[in-house]
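Reader: Could you pick one spot in this model and take me through it up close? I'd like to know where it sits, what it touches and how the rest of the chain looks around it.

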Amino acid sequence: MKTWIILGAVLAALAVGLGAFGAHFLKAKLSPADLLIFETGVKYHMYHALGLILLGILGLHYGLNMVNVSAVLIFAGIILFSGSLYLMVFTGIRWMGIITPLGGLCFISGWIILVLKLLRT
């Protein structure tokens, strides 16, 4: 549980850093469309980093079995969703966008699994 809190905090710090990098350095270098893609990646990265912190806190109350699958899926979602958007913007490889929906499915699955597990308690 503590691991998810720490990982979430590290990922949140990374999201803040990437957001600042985008706002200060990329704004003049990227097209408006690419900047919007980058900002979407940062936004979902931060939301779900905070979600990992929340899952870690819930795990302290309900136990690791309650949150572990959801946390793994949400972590994978950050990597796949935000990571693919970052790579797409930085490399110009547009086919990376194929990976983005897989990250979204990880996010959705992680939250739904949490709901189902909580309903069973």
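Author: Helices here are DSSP runs of H or I, at least four residues long, and strands are E runs of at least two, numbered from the N terminus. With that in hand, let's go to S84, which lies in helix α3, residues 64-91. A word on the ground rules: this is a predicted model, where local features need pLDDT of at least 70, side-chain atom pairs need 80 or more, and totals for chains, interfaces and linings use all residues. Residues are numbered from 1 along each chain as its sequence is written, and side-chain values use heavy atoms, leaving out hydrogens and water.

So, is S84 buried or exposed? S84 counts as buried because its relative accessibility is 2% (buried is under 20%, exposed over 50%, partly exposed in between, with a 1.4 Å probe and protein chains only). Leaving aside residues up to four places away in sequence, S84 touches I79, M96, I99 and T100 (contact means heavy atoms within 4.5 Å). T100 also has a polar link to S84: their side chains make a polar contact at 2.6 Å (a pair of N or O atoms within 3.5 Å, one able to donate a hydrogen and the other to accept it).

Now step back to the chain around S84. The chain has four helices and zero strands, giving α-α-α-α along the sequence. Its C-alpha atoms fill a box of roughly 50 × 25 × 15 Å along the principal axes. Of the 121 residues, 37% are buried. Among contacts with a separation of 6 or more, 77% join residues 24 or more positions apart.
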